[in-house]
Every structure is written in structure tokens, then in C-alpha cells.
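Colleague: I am new to this structure and would like to learn how to read it. Could we go through it feature by feature?

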Amino acid sequence: MNTLLSHAVKKTTKIKNTALFLSTALLFCTSTLTLAQELDIKVTNLTQGIHFTPILIAAHDGDTQLFKSGEMASSQLQMMAEGGDISGLSTMLTSADKVENPAMGLLAPTMSTSTMLSTTDGNMYLSLVAMMLPTNDGFIGLNRWKIPTEAGTYSFTVNAYDAGTEANDEMITGGGAPGAAGIPAAPGMNAGTGGTGVTMTESNAYVHIHRGSLGDDNLTAGKSDLDNTVHRWLNPVARITVTVN
Amino acid sequence: MISINKKLALTALSTLMLSACGGSSSSSKVMMPEMPDPMFTQSYQVTVTNLTYAQPMSPMALVLHNEGQLWTVGETASVALENLAESGDNSAVLAESIVLSGQGGAGLLMPGMSEVVDVSYTFTDVNNAPKMLSLATMLVNTNDAFTGINALAVNNLSVGESISLTTSSYDSGTEKNSELMATIPGPAGGGTGEGFNAERNDTDKVAMHSGIVSVDDGLMVSILTQAHRFDNPTLAVMVTRTE
């Protein structure tokens, strides 16, 4: 009886040791996986009347930020927010893993685009930006989302920001260059002309949540070239679905 | 490895025991009385609060289902959803083919008010347990705005557990947001506004709603006022599994 018992105890210890070894090995595997990840990323434009210009998606380290709320926009952010040009921001991202323009152009209202992103060691945060048209300097922004280490599908929404670099005059002038007044274009071809301008000043020069467009109900006159039943939005404006493989 | 083998053996044994308890096996030497198929019931209690200032919600459609969605952003609205979003009539949504069990709201849910609605589903095969819960209701002082829950996973909810969330508002894309008196079925339209109309004169894709403009904010032809404006979220919802 005694030997039988001690035999059983020995066996249990052996199992425990094996289990310990296995779990350590498993832990090691998992921690290796967290360093480099394979992500599937889907971006959905939730709005009814706003187009997104080329999207920039980046996985980066903890020190990188594409934009900071409450601080002045970088010149690269301004290029993106006023004209949809992501090349400046992309150049800034030297050590990041990135996807440029997954939708191959504009992402129309309610449409989705999907892409894959392989991240490398240390690039544990996800950020995403794209200009909103027709706006003066509105953009969708995801800032420093911690990429989960656990495999699974994660879905969340993002809001509309104002870069604070241009007055929201709501006039479609073709002005997309940094510092040029006006909205570059209304891709839905449903905007007006002849607006006198909603405002000529931008007193909040910091990146902030966009207050939304005003628009008006006169397509040939009024203050705004935007249509108030078409070009407004409420937050959130985009849904991001990330699958960690 | 040993422990895994032991576990396997245990699983196999319990499977055997379970199948032996099945009751309908005729080869069993010991005669067992015929047992009816076991019945399972899952019940959910849903508390809905209208968070808006002056948008009554139409009688809600609350449904349990195992597949599909009541709506998808970027796709056309079903005729059932169009009915709900344009006129507030929940009957077609409750009768959708994916619905295992559905329950309608008692009536209009006024701003600031809450309503508790229960929904249950009884089934014999454990694999048929309801996995998803959806809810839809119209903001009646609009052309075709609705809000709700789209295929919330409830299969991991234990009895007594709750999920609380808030909902955003959507546009069914089936009726232009003219805000004209004749097109608003809610009290703001004077009670004579049109509800459902099969014609689709908007984008014909479900999107998030851009909010109403109103006569006070620059849409001169609008029957709606500043009071009918809304922001997200529009509902607070608590889903509790009760059985």
C-alpha cells in the first residue's frame, strides 16, 4: 500500500513537471508571437455622404504618434487633412510597418476596404488616418491603439477630427495644398456653388474633435457649398475591425 | 501525456454514460420508460431607455436568432427593415426568416422613458440554442432613422449575467431626408405624415445617420425643429439572461 502510494505520488510529480515544462514552452511561444503579428484590418466608412481619401495604416512603437489631440498639427498631418496627401506622414514612419492607400483611392460612403499588415518586433500600436471629403481639414483618426496579443477579432469605431489648420469655410475651391483655403472636391458630385463662406477664421489651431459641417439648403448661394441634408455626419464615422491571427 | 490520456479516457467514458442515459436505445437490456426529448429554454430580459430629447421610438422589434443580421452598413435595407425605418411598423422584422423568437414592444417609447421586454426561445437540440440578439426601433420624427442592436453575441451569457451598451442611429437609405411634413410619420409631422413607401429615393444603402437638420438650423422646408435634433447614442440597453 505504501509503495503503491509513493509510486502514485511520484507519477503525479512527473506529470506536474511535464506540465510545467509544457506551459513554460507555451508561454515562450506566446511571448515570441507578440513581437511580430499578422493582422487583417478592415475599415468601413460609416457615413452616408462623406468620402475618405487614401488611408494610411501604421503599426508603430510607443513613441510614434500620427497626431496628438490638443496639440498643433505637424505639417505632414496638415498635408493629409487638407489635401488627402499621406506621403509626408508615411515618410515620417521610418521604423513602422505600414499600409498606404488600401482602398486604391477613395473609400466611398458605407464602403469597406480590407488589408493585411505584418508587424515587426516592438511595433505594438496601431494608428490610422484619412481625410474626409468634402471638408476643409477633417480626418478620421485612430491614435495609438494597443494591438492585443491574444488572437481574435476586435471591432471598434473612430471619430472625426479637425486638424485645426484651416478655416472651415465650406467652399469648394479645389484648394488642397497646405495653407490654401477651401475644400479640394466633393467626390459625390452633390455639392453646390456660390457659397459666401461659413467662417474665415480657425481660432482653435489644435487638433480637436470636428464640430461637424453646417451646410445649407441652397446649392447656388448661401454660406456653404455643402448640402445640409447630405454632407453632415454624427460620430462615429468609421468602424475598424482587426483580426489578430 | 499521461494526464491527457486520462482525460481522453474520462471524456470517452462520460460520453458513453451520456449516450446510455439517452433513454431511447432499444438494445438496452434493462427496460427504461420512454423519455420525451429534453426541452431547453433560454430567456432574456432587455431594458431599453430612450436617451433622446424629443424622438419617440416606435414599438421595438426584439429578436433571437442564430444567423444573419437585421442590417449591414453598405448593403441595401431589407423590405422589413425599410418598413420599420420609414413607418415604425415592426411586424415584418419580427417575421423575418432568421428569427427564432421575437417580441414586440408595448408601444411608443417616449424620450426619457424605459421599457422592459422579455424574449424566450425553447428548443430540444442543444446546438439550436440562440446565439444572437437583435433589436430595432424607429426614431419616429425622422424620414427613415432607426437604432438598435445588430446581432449581439449572447451565447456566452450565463443566467443572471448582463451586457450593457448604448446604440448609435442608422439611416436605412430608403427615403431621402427631406424632413418635409408629409414624410414624417411621428407627431412632428402632425400625425398625417407618410410612413412606408416602396420607392427608394435615397442612397439605398444602410449608413450611420447624419442627424436631422431642422428648420432652426438651416433647412427652411423642414417641419422638424431644434428639439428633434439628436446625437449618438440614442438608446441605453441592458440585456440580462434570465433563464
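Colleague: Which residues have the most contacts inside the largest nonpolar core?

Modeller: First, the ground rules: this is a predicted model, where local features need pLDDT of at least 70, side-chain atom pairs count only at pLDDT 80 or more, and totals for chains, interfaces and linings use all residues. Residues are numbered from 1 along each chain as its sequence is written, while chains are lettered from A and ligands numbered from 1 in the order in which they are written. Now the core. In soluble globular proteins, nonpolar side chains tend to be buried together. A nonpolar core is a set of buried Ala, Val, Leu, Ile, Met, Phe, Trp, Tyr and Cys residues joined through C-beta atoms within 7 Å. Buried means 20 or more other C-beta atoms within 10 Å of a residue's own, exposed means 12 or fewer, and partly exposed lies in between, with C-beta atoms placed from the backbone. Here the largest core has 94 residues, and A:Val129, A:Phe139 and A:Ile140 have the most contacts inside it. Strand 6 (residues 125–133) of chain A gives this core its largest share, eight residues.

Colleague: What does A:Phe139 touch?

Modeller: Two residues are in contact if their C-beta atoms, placed from the backbone, lie within 7 Å. Leaving out residues up to four places away in sequence, the contacts of A:Phe139 include A:Met80, A:Val129, A:Met131 and A:Tyr161. There is also a second, separate core of seven residues, among them B:Ala188, B:Val213, B:Ile223 and B:Leu224.

Colleague: How many helices and strands does chain A have?

Modeller: Helices (H or I, at least four residues) and strands (E, at least two) are DSSP runs, numbered from the N terminus. Chain A has three helices and ten strands. Of its 245 residues, 43% are buried.

Colleague: Is strand 3 of chain A mostly covered or uncovered?

Modeller: In a regular strand the side chains alternate between the two faces of the sheet. Strand 3 (residues 56–60) of chain A is mostly covered, with five of its five residues buried. A:Leu56, A:Ala58 and A:His60 point one way from this strand, and A:Ile57 and A:Ala59 the other way.

Colleague: Which strands pair with strand 3 of chain A?

Modeller: Two strands pair if DSSP finds at least two bridges between them. Strand 3 of chain A pairs with strand 4 (residues 97–100) of chain A in the antiparallel sense over four bridges, and A:Ala59 stands opposite A:Asp97. Strand 3 also pairs with strand 6 of chain A, again antiparallel, over five bridges; there A:Leu56 has A:Val129 as its bridge partner.

Colleague: In what order do the six strands of the open sheet in chain B stand?

Modeller: The order is 3-2-5-6-8-9, with antiparallel pairing. Strand 3 (99–104) and strand 9 (207–208) of chain B stand at the edges, each with a single partner strand, so one side of each has no neighbour in the sheet. Strand 2 (residues 61–65) of chain B is joined to strand 3 of chain B by five bridges, and B:Leu62 stands opposite B:Gln103.

Colleague: How many residues does each chain bring to the contact between chain A and chain B?

Modeller: Chain A brings 20 residues and chain B brings 21 residues.
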